[in-house]
Amino acid sequence: MTKPFIGVSGNILRDTSGAYVDLLRSYVNQDYPRSIEEAGGIPVIIPFTKNLDVARETVSKLDALLLSGGHDVSPLNYGEEPLQGLGDVFPERDQFDFALLKAAEEKQIPIFCICRGIQILNVYRGGSLYQDLKYDENCTIKHSQNQTPSLGTHTVDIEFESKLASAIGRSTWITNSHHHQTVKHVGKGLQVVARAKDGTVEGLEDSSYPWLVACQFHPEMMSENDENAKRLFAAFVTAARENITK
């Protein structure tokens, strides 16, 4: 069976001590490539670059794209000034991720967006974010659990007709939670398909796109032991494999 090549958006890690202070390293958390490989795909880390032509050309060689987590999205991208609750931003990476998304959409390959990825998708489509959940008066649940990354800590309710529900075979999921920003105004063409019990957006999709699923939680951290996470990655890799044969 053909294994699809799935790109994972990379980040930059700066050494802060030791013999290589200020050395820059290209990286993604190991859970992303592990989850893709275990689901039958071939993970390809896409190193961050300011050369957006290189980013777009990389996507042209891939069968699917996964947008990974990381820094806060710069609020300047959606017409807001930074508020005091904003974390570290990486504006150049915002542009890198936007370029990857654009190239993937033009090629119509499957897209899976996780944590920062759902936020990037929403802003790319013209939406906005809560810069910190303290600015959302309806937010009452703890969304940054600050403990065991894979542990499910809150309930997510999922629209029954969504690709997310279809992938895992159910409409509720106890997921992990590692974020302090979330979707505010929903971007063009996107539908909210999952929410926490306090109404916080946990999932977006585009029903007009072949396969596009975005999660605010981290299924890649859960996939070693959580069957729902395994099924979601399996659905993503299957969509990528089917896209090859079209």
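**Close-up views of a predicted model**

**View 1. Ile 6 has Pro 43 as its bridge partner in strand 4.** The model is predicted: local features require pLDDT of at least 70 and side-chain atom pairs pLDDT 80 or more, while totals for chains, interfaces and linings use all residues. Residues are numbered from 1 along each chain as its sequence is written, and side-chain values use heavy atoms, leaving out hydrogens and water. Helices (H or I, at least four residues) and strands (E, at least two) are DSSP runs numbered from the N terminus; two strands pair if DSSP finds at least two bridges between them. Strand 1 (residues 5–9) pairs with strand 4 in the parallel sense over five bridges. Strand 1 also pairs with strand 5, in the parallel sense over three bridges, and here Gly 7 stands opposite Leu 65. Four of the five residues of strand 1 are buried, where buried means under 20% relative accessible area, exposed over 50%, and partly exposed in between (1.4 Å probe, protein chains only).

View 2. Strand 8 and strand 11 (residues 191–196) are antiparallel, with three bridges. Val 156 has Ala 196 in strand 11 as its bridge partner.

**View 3. The largest nonpolar core contains 31 residues.** Such a core is a set of buried Ala, Val, Leu, Ile, Met, Phe, Trp, Tyr and Cys residues joined through side-chain atoms within 4.5 Å. Leu 65, Leu 67, Leu 100, Ile 111, Leu 121 and Leu 204 have the most contacts inside this core. Helix 3 gives it the largest share, six residues. Leaving aside residues up to four places away in sequence, Leu 65 touches residues including Gly 7, Leu 100, Ile 111 and Phe 236; contact means heavy atoms within 4.5 Å.

View 4. Eight of the nine residues of helix 4 are buried, among them Arg 116, Gln 119 and Asn 122. Gly 126 follows helix 4 and has a positive phi, near 95°.

**View 5. Asp 97 and Arg 93 meet in a salt bridge (3.5 Å, N to O).** A salt bridge is a side-chain nitrogen of Lys or Arg within 4 Å of a carboxyl oxygen of Asp or Glu. About one helical turn separates Asp 97 and Arg 93, because they are four residues apart in helix 3. Asp 97 is buried at 1% relative accessible area, and Arg 93 is buried at 0%. A network of salt bridges links Arg 93, Asp 94, Asp 97 and Arg 116.

**View 6. The side chains of Arg 125 and Asp 206 form a salt bridge (2.8 Å, N to O).** This pair links distant parts of the chain, 81 residues apart: Arg 125 is in the loop between helix 4 and strand 7, and Asp 206 in the loop between strand 12 and strand 13. Arg 125 is buried at 16% relative accessible area, and Asp 206 is buried at 5%.
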